[in-house]
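Welcome, and thanks for taking a look at this one with us. Here is a short tour of the packing, the helix contacts and the backbone.

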Amino acid sequence: MRLQHFSPPLPERLIKALTDISIRTDTDLLLSEDPTKIFMRLPPELGFSLLDFRNAVAKVAELASASSLHGDALLEKERKRQEDIFADDMLVGVPDVDALLGGFSPPQVVEVSGDHLSGKTALALQLVLRHLSLVSESSALWIDSSGEFSTERVGLMLEQMNGPAAHTVLERLQVSLAFDIEAVHDVLENLRQSLSSRDSDGDVPATRCVVIDSITPLLGPMLSATSSQGHAIMTTFMRQLRAYADSFSLTIIVINASTKMLPRNPETVFETARKPALGPSFTFTPDATLWLSQRPSEESADEAATTHVAEVLRSRISVSPAHWRENTTH
């Protein structure tokens, strides 16, 4: 920092004299050479004694340094933060589905992918609304990249929630529209500033979950077989999400569409010719990939019945790949 920008300011005549000998910033004054040698280079008519100069240097050092914090206070603050975060395990509420990844507790970045109408958005909404209905101190951020977020759907799902904080869920669910990656960066930067400046003792609920629905139209148009720029943007963005999750103990859900894979996807237990979109560069950027699909039920005579399937295609946070299926009649 330049010496003239300190508050309270140094004497103006001292700043001018130091500038004349190329000492313009706190780094120049404190680290370039011994302060006594700097004092010897000042003009005698300045009228500053060595003691006055040393006091000025000490003042600059104090203003430029970070404020001290006691270790026991930081430890207690961290313990309280962990208690708040893990008061709820961030579960969907279906034991077999939660067992696939061992829950959705922060910090982690999870990709939810699957066919059209396979239940990707429904699963993310169930996770968020259930958590908010149980934990009044939490809030969530939903980033909508298509403008299809349905408040009616949220209302219908909330009718099934009976948690102690269900009546305030809508007050703690923030929905932001972002139709390109730059807009998402702006939303995340606002979140970072909010979480960084948040007082742990404040009354504002802390954001614990972020959902991006969907990430495919944000990153897909930038990917090209002839240029690496789009892939670099994609991996940098996913690393940023990972850093947010680690720094602020967030669960981040990224919803991804699917694309063709002929003749079949060898990673899935149940045969399908689809795979997660965005290509192989995206494959290992999240902590886990949860694949959702639906198929005609083999266990029901009702032609309208479908079987919903959830599989873990890859994971760094669960023990081994697994799958879950449920029959549903429409």
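A residue counts as buried when its relative accessible area is under 20%, and as exposed when that area is over 50%. Please keep in mind that this is a predicted model. With that cut-off, Leu278 is buried because its relative accessibility is 10%.

- Most residues other than glycine have a negative phi, and most peptide bonds are trans.
- Leu278 has a positive phi, near 80°, and is not a glycine; you will find Leu278 in the loop that links strand E7 (274-276) to helix H12 (280-283).
- Ser22, also not a glycine, has a positive phi of about 70°. Its place is the loop between H1 and helix H2 (26-31), and Ser22 counts as partly exposed because its relative accessibility is 43%.
- A cis peptide bond runs from Ser7 to Pro8, with omega near 0°; Pro8 sits in the segment before helix H1 (12-20).
- The bond from Asp213 to Ser214 is cis too, with omega near 0°. Ser214 belongs to the loop between E4 and helix H10 (216-219).

**Thr207 in strand E4**

- Thr207 is part of strand E4 (residues 206-213), and its relative accessible area of 11% means that it is buried.
- Which side chain does the side chain of Thr207 meet in a polar contact? The partner is the side chain of Ser139, at 3.2 Å.
- Beyond four places in sequence, the contacts of Thr207 include Ala140, Leu141, Leu191, Leu195 and Leu250.

**Nonpolar cores**

- The largest nonpolar core has 33 residues, of which Phe104, Val128, Leu129, Val211 and Ile253 touch the most other members.
- Helix H7 (residues 120-134) supplies the largest share of this core, with 7 residues.
- A second, separate core has 28 residues, among them Leu218, Met234, Leu250 and Ala277.
- Leaving out residues up to four places away in sequence, Val211 touches Ala124, Val128, Leu141, Trp142, Ile143, Ile253 and Ile255.

**How H7 meets H8**

- The axes of H7 and helix H8 (residues 151-158) come within 11 Å and cross at roughly 55°, so H7 is oblique to H8.
- The crossing of H7 past H8 is right-handed.
- On the H7 side, Thr121, Ala122, Leu125, Gln126 and Leu129 take part, and they meet Arg153, Val154, Met157 and Leu158 of H8.

Definitions and conventions: Residues numbered from 1 in each chain as written. Heavy atoms only, no water. Helix = DSSP H or I, 4+ residues; strand = E, 2+ residues; numbered from the N terminus. Buried < 20%, exposed > 50% of the residue type's maximum accessible area, 1.4 Å probe, protein only. Polar contact = N/O pair within 3.5 Å; in protein donor to acceptor, adjacent residues only side chain to side chain. Contact = heavy atoms within 4.5 Å. Core = buried A, V, L, I, M, F, W, Y, C linked by side-chain atoms within 4.5 Å. Axes fitted to C-alpha atoms, helices over the stretch in contact; angles between N-to-C directions. Parallel < 35°, antiparallel > 145°, perpendicular 65-115°, else oblique. Left-handed = near helix turned anticlockwise from the far one by under 90°.
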